[in-house]
Amino acid sequence: MRTAPRLGRRTAARSGRRTAARSGLVVAATALLGAVAAAPPGAQHWTAAPAAGRPYAYLEGPAGSVLQDTLSVTNPGTAPLTVRLTGQGGAPVSFAARTVRVPARTRADVPFAVTVTADTPPGEHRGTVRASAAGREVRVDLRLRVSGPRLAALTVEDVHVDAGAVRYTLVNRGTTVLAPSLAVRAEGLLGTVLDRPGRALPLTLRPGERATRTEPWPDPPALDSVTVRLTATAPGAAPATARAEAAFASGPALTGTAGLLLAAVGGAGYAARRRRAGARTQRAGATP
């Protein structure tokens with residue numbers, strides 16, 4: 001007698017949940033159909049691809065040149081389509097028009113150019129050409145091959161020794177990207193006062209690029225004349241060496257040295273006076 005109402009309430013709850021789930025599915029389906037209906041007929045089927053049906057855009061040329069290609073945008077729909085074009089990658093990409101209006105059932109061929117700057121290293125570079133329209137984006141792979149000899153060359157320039165630091169400039173004189181390492185050695189009057197083996201620096205240098213850096217030296221000698229030698233290396237490049245001369249003379253060191261000199265001079269003077277007094281005594285004793 002008491003069980004039947006309890007079962008009825010459970011059945012009603014399950015039925016309510018099923019009804020709510022069906023309502024949610026109906027709302028989601030209605031929204032999806034509305035979005036599809038809002039898009040221009042055939043807009044969801046538009047395409048963008050390199051000309052001549054290639055799988056990707058391929059360009060080749062030397063550094064300092066402008067290379068050209070064409071992107072084909074096809075609109076199979078029954079309404080015009082507005083397409084926005086952008087590009088990015090190993091070199092700047094520019095289009096004949098950033099925004100293109102493609103009529104219905106038409107293909108538009110849009111020229112674009114890739115500017116290979118003079119400092120672009122030889123070898124393979126990747127980029128992307130993007131076309132956006134009707135809430136969708138199509139990416140086209142861009143492959144750029146820069147011709148020319150691969151030369152790795154590195155120099156160390158403008159070495160200066162300041163208080164607590166060694167300043168220098170690294171220059172990439174070649175045609176490839178370099179990841180340099182640096183070793184530092186300093187020789188004083190009495191031997192080696194600084195010896196740091198080669199270690200990788202946290203930077204890369206593109207062709208023609210310069211980087212001015214500082215090598216800390218917090219504990220230089222207090223009184224010495226030194227020769228600081230920097231040796232920079234990079235894979236494929238010959239070692240580059242530069243040096244600078246520096247003299248160190250701190251106040252306490254000078255004071256201590258002056259005291260030693262005065263003590264030495266005073267001791268020498270006292271010994272000379274003793275010798276002269278002894279000589280006079282000997283002469284006096286030898287007089288009849």
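## About the model

This is a predicted model, in which local features need pLDDT of at least 70 and side-chain atom pairs count only at pLDDT 80 or more, while totals for chains, interfaces and linings use all residues. Residues are numbered from 1 along each chain as its sequence is written, and side-chain values use heavy atoms, with hydrogens and water left out.

Strands here are DSSP runs of E with at least two residues, numbered from the N terminus. Two strands count as paired if DSSP finds at least two bridges between them. Strands of a sheet pair through backbone hydrogen bonds, either parallel or antiparallel.

In which order do the four strands of the open sheet lie? Their order is β13-β12-β15-β16, with antiparallel pairing. β13 and β16 are the edge strands, and each of them pairs on one side only. On average, neighbouring strands in this sheet are turned by 15 degrees against each other, direction ignored. For such angles, axes are lines fitted to C-alpha atoms, and the angles run from 0 to 180 degrees between N-to-C directions.

## Two hairpins in that sheet

β12 and β13 make a hairpin with two residues between them. Seven bridges hold this antiparallel pair. Along the pair, L182 has R199 in β13 as its bridge partner, and R185 stands opposite D195 in β13.

T231 faces its opposite number, T241, in β16. This hairpin also has two residues between its strands, and G236 takes a positive phi near 85 degrees there.

## A sheet of three strands

A further open sheet has three strands in the order β10-β11-β14, and its pairing is antiparallel. Why is one side of β10 and of β14 left without a neighbour in the sheet? β10 (154–162) and β14 (210–216) stand at the edges with a single partner strand each, so one side of each has no neighbour in the sheet. Neighbouring strands are turned by 20 degrees against each other on average, again ignoring direction.

Strand β11 (residues 165–172) runs antiparallel to β14, and seven bridges join the two. You can find V171 opposite R210 in β14.

## Salt bridges

Side chains of opposite charge can pair when their charged atoms come close. How many salt bridges does the structure hold? There are 15, where a salt bridge is a side-chain nitrogen of Lys or Arg within 4 Å of a carboxyl oxygen of Asp or Glu. E157, D158, R173 and R210 are linked by such contacts into a network. R210 is also the residue opposite V171.

R185 and D195 form one of these bridges, with their closest N and O atoms 3.0 Å apart. This pair links distant parts of the chain, since R185 lies in β12 (residues 181–188) and D195 in β13 (residues 191–200), ten residues apart. R185 is partly exposed, at 35% relative accessible area; the scale calls a residue buried under 20%, exposed over 50% and partly exposed in between, using a 1.4 Å probe on protein chains only. In another bridge, D141 meets R143 at 2.9 Å between the closest N and O atoms. D141 is partly exposed at 26%, and R143 is partly exposed at 25%. D109 and R107 form a bridge too, at 3.2 Å from N to O. Here D109 is partly exposed at 40%, whereas R107 counts as exposed at 54%.

## One cavity

Rolling a probe the size of a water molecule over the atoms shows where empty space is left. On a 1 Å grid over the protein atoms alone, a cavity is a set of points where a 1.4 Å probe fits but cannot get out, and lining residues have an atom within 4 Å of a point. The search of the whole structure finds one cavity of 30 Å³ or more. The largest cavity holds about 40 Å³ of space, a volume being the space filled by probe spheres set on the grid points, which are joined across faces, edges and corners.

Which strand gives the largest share of the lining? β8 does, with three residues. β4 (81–89), β8 (123–133) and β9 (136–147) each supply at least two lining residues. Among the residues that line the cavity are Q88, V114, H125, R126 and L142. By class, the lining has five nonpolar, five polar and one charged residues. In this scheme Ala, Val, Leu, Ile, Met, Phe, Trp, Tyr, Cys and Pro are nonpolar, Asp, Glu, Lys and Arg are charged, and the others, Gly among them, are polar.

Notes
On a 1 Å grid over the protein atoms alone, a cavity is a set of points where a 1.4 Å probe fits but cannot get out, and a pocket is an open set with protein on both sides within 12 Å along at least five of seven lines; lining residues have an atom within 4 Å of a point.
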